[in-house]
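Reader: I am new to this structure and would like a friendly tour. Could you show it to me, please?

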Amino acid sequence: MLRFRALRADEVDCRVAMCKEGGLSLLLYKDARCDMGILDETVGPERWQRHHSRENSNCTVSIYIPEMDQWVEKEDTGTESNTEAEKGLASDSFKRACFNWGIGRELYTAPFIWITGAKCAIQNRNGKPACYDRFRVGEMTVEDGKITALTILNDSRNGEVIFTWAKRPAEAAQEPSRAMKAQDAGKPTPKAENAPVPPKNGLDATQVALLRACMEQIGQKEEPLLRHYGAQKLENLTAEQYTEALDRIQAYKKRRRAE
(Lines give C-alpha, C1' and ligand atoms only; values in the text may rest on other atoms or scores of the structure.)
Protein backbone atom coordinates (compact mmCIF):
# COMPACT_ATOMS: atom_id res chain seq x y z
CA MET A 1 0.00 0.00 0.00
CA LEU A 2 1.31 3.43 -0.96
CA ARG A 3 1.90 5.63 2.09
CA PHE A 4 3.51 9.02 2.39
CA ARG A 5 5.61 9.98 5.39
CA ALA A 6 4.57 12.72 7.81
CA LEU A 7 5.78 16.24 7.15
CA ARG A 8 8.90 17.50 8.90
CA ALA A 9 8.78 20.71 10.91
CA ASP A 10 10.85 22.55 8.28
CA GLU A 11 8.30 21.61 5.60
CA VAL A 12 5.40 23.30 7.42
CA ASP A 13 4.71 27.05 7.18
CA CYS A 14 2.66 29.36 9.39
CA ARG A 15 0.32 32.17 8.41
CA VAL A 16 -1.86 34.54 10.38
CA ALA A 17 -5.50 33.45 10.30
CA MET A 18 -7.01 36.09 12.60
CA CYS A 19 -5.44 39.17 14.21
CA LYS A 20 -6.85 41.18 17.09
CA GLU A 21 -5.40 43.81 19.39
CA GLY A 22 -4.75 41.23 22.09
CA GLY A 23 -3.16 38.56 19.90
CA LEU A 24 -3.49 36.42 16.79
CA SER A 25 -4.16 32.88 15.64
CA LEU A 26 -1.96 30.91 13.26
CA LEU A 27 -2.71 28.21 10.71
CA LEU A 28 -0.26 25.55 9.54
CA TYR A 29 0.05 24.83 5.82
CA LYS A 30 2.29 23.25 3.19
CA ASP A 31 3.25 24.71 -0.17
CA ALA A 32 3.26 23.08 -3.61
CA ARG A 33 7.05 22.65 -3.57
CA CYS A 34 6.69 20.47 -0.46
CA ASP A 35 4.15 18.25 -2.23
CA MET A 36 6.33 17.90 -5.33
CA GLY A 37 9.37 17.01 -3.21
CA ILE A 38 7.53 14.29 -1.30
CA LEU A 39 6.06 12.84 -4.49
CA ASP A 40 9.53 12.70 -6.07
CA GLU A 41 10.97 11.17 -2.90
CA THR A 42 8.26 8.52 -2.44
CA VAL A 43 7.28 7.35 -5.92
CA GLY A 44 9.94 8.91 -8.16
CA PRO A 45 9.68 11.88 -10.56
CA GLU A 46 8.67 9.65 -13.47
CA ARG A 47 5.78 7.94 -11.65
CA TRP A 48 3.51 10.88 -10.90
CA GLN A 49 1.88 13.61 -12.95
CA ARG A 50 -0.64 16.41 -12.56
CA HIS A 51 -3.38 17.69 -14.86
CA HIS A 52 -5.42 20.87 -14.45
CA SER A 53 -8.93 21.51 -15.74
CA ARG A 54 -11.72 24.08 -15.45
CA GLU A 55 -9.22 26.93 -15.85
CA ASN A 56 -6.94 25.55 -13.10
CA SER A 57 -9.73 25.30 -10.50
CA ASN A 58 -9.41 21.49 -10.54
CA CYS A 59 -6.25 19.41 -10.33
CA THR A 60 -5.83 15.68 -10.83
CA VAL A 61 -2.71 14.02 -9.41
CA SER A 62 -1.98 10.64 -11.00
CA ILE A 63 0.44 8.08 -9.57
CA TYR A 64 1.62 4.92 -11.28
CA ILE A 65 1.19 1.85 -9.05
CA PRO A 66 3.52 -0.94 -10.27
CA GLU A 67 1.66 -3.67 -8.35
CA MET A 68 -1.52 -2.76 -10.21
CA ASP A 69 0.24 -1.83 -13.45
CA GLN A 70 -1.95 1.23 -13.80
CA TRP A 71 -2.25 4.93 -13.00
CA VAL A 72 -4.49 5.94 -10.08
CA GLU A 73 -5.96 9.45 -9.99
CA LYS A 74 -7.20 11.71 -7.21
CA GLU A 75 -8.74 15.12 -7.87
CA ASP A 76 -9.75 18.22 -5.91
CA THR A 77 -10.76 21.86 -6.32
CA GLY A 78 -8.82 24.92 -5.19
CA THR A 79 -9.51 28.59 -4.50
CA GLU A 80 -7.82 31.73 -5.81
CA SER A 81 -5.14 33.49 -3.78
CA ASN A 82 -5.11 37.23 -3.13
CA THR A 83 -2.20 37.70 -5.55
CA GLU A 84 -1.59 36.03 -8.91
CA ALA A 85 -5.07 34.51 -8.89
CA GLU A 86 -4.55 32.06 -11.78
CA LYS A 87 -1.23 30.73 -10.47
CA GLY A 88 -2.56 30.60 -6.92
CA LEU A 89 -5.63 28.68 -8.05
CA ALA A 90 -3.50 26.03 -9.79
CA SER A 91 -1.22 25.72 -6.76
CA ASP A 92 -4.12 25.42 -4.31
CA SER A 93 -5.95 22.78 -6.33
CA PHE A 94 -2.68 20.80 -6.60
CA LYS A 95 -2.10 20.96 -2.84
CA ARG A 96 -5.67 19.87 -2.15
CA ALA A 97 -5.32 16.92 -4.54
CA CYS A 98 -2.15 15.93 -2.67
CA PHE A 99 -4.10 16.07 0.59
CA ASN A 100 -6.38 13.45 -0.96
CA TRP A 101 -3.33 11.25 -1.44
CA GLY A 102 -2.51 11.74 2.24
CA ILE A 103 0.39 14.18 1.93
CA GLY A 104 0.28 16.51 4.94
CA ARG A 105 -3.13 15.35 6.08
CA GLU A 106 -1.89 15.50 9.68
CA LEU A 107 -2.08 19.30 9.44
CA TYR A 108 -5.85 18.95 9.87
CA THR A 109 -5.18 17.68 13.41
CA ALA A 110 -3.22 20.78 14.50
CA PRO A 111 -4.39 22.45 17.73
CA PHE A 112 -5.77 25.96 17.89
CA ILE A 113 -2.68 28.20 17.89
CA TRP A 114 -3.14 31.49 19.75
CA ILE A 115 -0.22 33.92 20.15
CA THR A 116 -0.69 36.71 22.68
CA GLY A 117 0.16 40.32 21.82
CA ALA A 118 3.12 40.14 24.21
CA LYS A 119 4.83 37.59 21.95
CA CYS A 120 4.39 39.35 18.61
CA ALA A 121 4.28 42.88 17.18
CA ILE A 122 0.70 43.86 16.39
CA GLN A 123 0.35 47.10 14.44
CA ASN A 124 -2.56 49.28 13.41
CA ARG A 125 -3.03 49.26 9.64
CA ASN A 126 -5.86 51.37 8.24
CA GLY A 127 -7.70 51.08 11.52
CA LYS A 128 -7.29 47.29 11.75
CA PRO A 129 -4.78 45.22 13.76
CA ALA A 130 -2.12 43.47 11.67
CA CYS A 131 1.10 41.55 12.29
CA TYR A 132 4.08 41.10 9.95
CA ASP A 133 6.27 38.94 12.18
CA ARG A 134 7.80 35.81 10.64
CA PHE A 135 6.65 32.62 12.34
CA ARG A 136 7.85 29.07 11.79
CA VAL A 137 7.43 25.59 13.21
CA GLY A 138 10.34 24.71 15.48
CA GLU A 139 9.35 21.13 16.34
CA MET A 140 6.44 18.91 15.36
CA THR A 141 5.73 15.33 16.43
CA VAL A 142 3.29 13.19 14.43
CA GLU A 143 2.01 9.85 15.72
CA ASP A 144 -0.52 7.66 13.90
CA GLY A 145 -1.28 10.46 11.47
CA LYS A 146 -1.97 13.04 14.18
CA ILE A 147 0.07 15.94 15.54
CA THR A 148 0.85 15.23 19.19
CA ALA A 149 3.40 17.97 19.98
CA LEU A 150 4.12 21.36 18.45
CA THR A 151 6.45 24.32 18.97
CA ILE A 152 6.17 27.68 17.17
CA LEU A 153 9.03 30.19 16.93
CA ASN A 154 9.01 33.92 16.10
CA ASP A 155 11.99 34.61 13.82
CA SER A 156 11.31 38.34 14.09
CA ARG A 157 12.35 37.92 17.73
CA ASN A 158 15.50 35.91 17.13
CA GLY A 159 13.69 32.57 17.10
CA GLU A 160 11.91 33.05 20.42
CA VAL A 161 9.65 30.14 21.41
CA ILE A 162 6.14 31.63 21.53
CA PHE A 163 3.92 28.54 21.52
CA THR A 164 4.31 25.02 22.86
CA TRP A 165 1.68 22.31 22.93
CA ALA A 166 1.53 18.60 23.65
CA LYS A 167 -1.54 16.40 23.34
CA ARG A 168 -2.86 15.19 26.67
CA PRO A 169 -4.02 11.60 27.11
CA ALA A 170 -7.69 11.29 26.18
CA GLU A 171 -10.06 11.39 29.12
CA ALA A 172 -11.74 8.32 27.68
CA ALA A 173 -8.56 6.33 28.21
CA GLN A 174 -8.77 7.11 31.91
CA GLU A 175 -12.33 5.83 32.28
CA PRO A 176 -11.48 2.10 32.66
CA SER A 177 -9.37 2.77 35.73
CA ARG A 178 -12.18 4.85 37.25
CA ALA A 179 -14.66 2.08 36.57
CA MET A 180 -12.43 -0.58 38.09
CA LYS A 181 -11.90 1.52 41.20
CA ALA A 182 -15.66 1.91 41.58
CA GLN A 183 -16.22 -1.82 41.18
CA ASP A 184 -13.49 -2.61 43.69
CA ALA A 185 -15.19 -0.30 46.18
CA GLY A 186 -18.56 -1.97 45.56
CA LYS A 187 -20.05 1.21 44.06
CA PRO A 188 -21.86 1.64 40.74
CA THR A 189 -19.72 2.76 37.84
CA PRO A 190 -19.97 6.55 37.41
CA LYS A 191 -21.35 7.84 34.12
CA ALA A 192 -18.97 10.26 32.44
CA GLU A 193 -21.76 12.39 30.98
CA ASN A 194 -23.25 13.03 34.44
CA ALA A 195 -19.98 13.49 36.29
CA PRO A 196 -19.51 17.03 37.59
CA VAL A 197 -16.43 18.88 36.31
CA PRO A 198 -14.92 20.89 39.14
CA PRO A 199 -13.06 23.93 37.79
CA LYS A 200 -9.36 23.76 38.55
CA ASN A 201 -8.79 27.37 37.54
CA GLY A 202 -10.68 30.12 35.78
CA LEU A 203 -10.15 31.86 32.48
CA ASP A 204 -8.87 35.40 32.30
CA ALA A 205 -10.54 38.20 30.33
CA THR A 206 -8.34 37.67 27.25
CA GLN A 207 -9.16 33.95 27.06
CA VAL A 208 -12.88 34.60 27.46
CA ALA A 209 -12.80 37.29 24.75
CA LEU A 210 -10.96 34.96 22.35
CA LEU A 211 -13.32 32.06 22.99
CA ARG A 212 -16.35 34.29 22.42
CA ALA A 213 -14.86 35.66 19.18
CA CYS A 214 -14.18 32.14 17.88
CA MET A 215 -17.68 31.00 18.81
CA GLU A 216 -19.19 33.97 16.99
CA GLN A 217 -17.29 33.02 13.83
CA ILE A 218 -19.12 29.68 13.61
CA GLY A 219 -22.43 30.86 15.09
CA GLN A 220 -21.98 28.90 18.32
CA LYS A 221 -23.94 30.14 21.36
CA GLU A 222 -22.56 30.00 24.88
CA GLU A 223 -25.41 28.05 26.51
CA PRO A 224 -24.79 24.66 24.81
CA LEU A 225 -21.07 24.86 25.53
CA LEU A 226 -21.67 25.73 29.19
CA ARG A 227 -24.13 22.85 29.54
CA HIS A 228 -21.60 20.50 27.96
CA TYR A 229 -18.97 21.37 30.56
CA GLY A 230 -21.35 21.87 33.47
CA ALA A 231 -20.23 25.48 34.00
CA GLN A 232 -22.31 28.57 34.81
CA LYS A 233 -20.19 30.99 32.76
CA LEU A 234 -17.15 30.93 30.50
CA GLU A 235 -14.91 32.25 33.27
CA ASN A 236 -15.47 28.99 35.17
CA LEU A 237 -14.02 26.74 32.46
CA THR A 238 -10.77 24.99 33.25
CA ALA A 239 -7.67 25.39 31.11
CA GLU A 240 -8.22 21.88 29.72
CA GLN A 241 -11.84 22.64 28.78
CA TYR A 242 -10.79 25.93 27.20
CA THR A 243 -8.19 24.22 25.03
CA GLU A 244 -10.61 21.45 24.05
CA ALA A 245 -13.32 23.98 23.11
CA LEU A 246 -10.92 25.91 20.85
CA ASP A 247 -9.72 22.66 19.27
CA ARG A 248 -13.33 21.67 18.52
CA ILE A 249 -14.06 25.06 16.96
CA GLN A 250 -10.93 24.85 14.82
CA ALA A 251 -11.81 21.32 13.68
CA TYR A 252 -15.33 22.47 12.75
CA LYS A 253 -13.93 25.38 10.71
CA LYS A 254 -11.56 23.03 8.86
CA ARG A 255 -14.42 20.64 8.02
CA ARG A 256 -16.54 23.52 6.78
CA ARG A 257 -13.71 24.83 4.57
CA ALA A 258 -13.21 21.37 3.11
CA GLU A 259 -16.88 21.02 2.12
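What follows is a set of questions and answers about this structure.

Reader: Welcome me in, then: what kind of model is this, and how many helices and strands are in the chain?

Author: This is a predicted model, in which local features need pLDDT of at least 70, side-chain atom pairs count only at pLDDT 80 or more, and totals for chains, interfaces and linings use all residues. Residues are numbered from 1 along each chain as its sequence is written, and side-chain values use heavy atoms, with hydrogens and water left out. Helices (H or I, at least four residues) and strands (E, at least two) are DSSP runs, numbered from the N terminus. Counted that way, the chain has six helices and 11 strands.

Reader: What share of the residues in the chain is buried?

Author: Buried means under 20% relative accessible area, exposed means over 50%, and partly exposed is in between (1.4 Å probe, protein chains only). The chain has 259 residues, and the buried ones make up 38%.

Reader: In what order do the three strands of the open sheet come?

Author: Two strands pair if DSSP finds at least two bridges between them. The three strands pair in an antiparallel way, in the order 3-4-5. Strand 3 (48-53) and strand 5 (70-77) each have a single partner strand, so one side of each is left without a neighbour in the sheet. From one strand to the next the twist averages 20°, and the order to remember is 3-4-5.

Reader: Which residue in strand 4 is the bridge partner of arginine 50?

Author: Strand 3 and strand 4 (residues 58-65) run antiparallel and are joined by six bridges. They form a hairpin with four residues between them, and arginine 54 in the turn has a positive phi of about 50°. Within this pairing, the partner of arginine 50 is valine 61.

Reader: Which residue in strand 5 stands opposite asparagine 58?

Author: Eight bridges join strand 4 to strand 5, again running antiparallel. Their hairpin has four residues between the strands, and aspartate 69 takes a positive phi near 55° there. Opposite asparagine 58 stands threonine 77.

Reader: Which helix packs on the sheet, touching strand 3 and strand 4?

Author: Contact means heavy atoms within 4.5 Å. Axes are lines fitted to C-alpha atoms, for helices over the stretch in contact, and angles run from 0 to 180 degrees between N-to-C directions. The direction of the packing helix makes about 145° with that of strand 3, and residues 32-43 form this element, helix 1.

Reader: Is serine 62 in strand 4 buried or exposed?

Author: Seven of the eight residues of strand 4 are buried, so this strand is largely enclosed by the rest of the structure. Leaving aside neighbours within four places in sequence, serine 62 is in contact with residues including Trp48, His51, Trp71 and Glu73. Its relative accessible area is 1%, so serine 62 is buried.

Reader: Why do the buried residues of helix 5 lie on the same side?

Author: Helix 5 (residues 222-229) has Leu225, Leu226 and Tyr229 as its buried residues. The arc, taken from the directions from the helix axis to the C-beta atoms, is only 100° for these residues, which puts them on the same side of helix 5. The face turned away from that buried side carries the exposed residues Arg227 and His228.

Reader: How many disulfides does the count come to?

Author: A disulfide is a pair of cysteine sulfur atoms within 2.5 Å. For cysteine 120, which is buried at 2% relative accessible area, the closest cysteine sulfur is in cysteine 131, 4.5 Å away and so too far for a bond. By the distance rule, the count is zero.

Reader: Which residues touch the most other members of the largest nonpolar core?

Author: A nonpolar core is a set of buried Ala, Val, Leu, Ile, Met, Phe, Trp, Tyr and Cys residues joined through side-chain atoms within 4.5 Å. The largest one has 40 residues, and apart from it lies another core of 20 residues, among them Met18, Met215, Ala231 and Ala245. Leaving aside neighbours within four places in sequence, leucine 150 is in contact with residues including Leu28, Ile113, Val137 and Phe163. The residues that touch the most other members are Leu28, Leu150 and Ile152.
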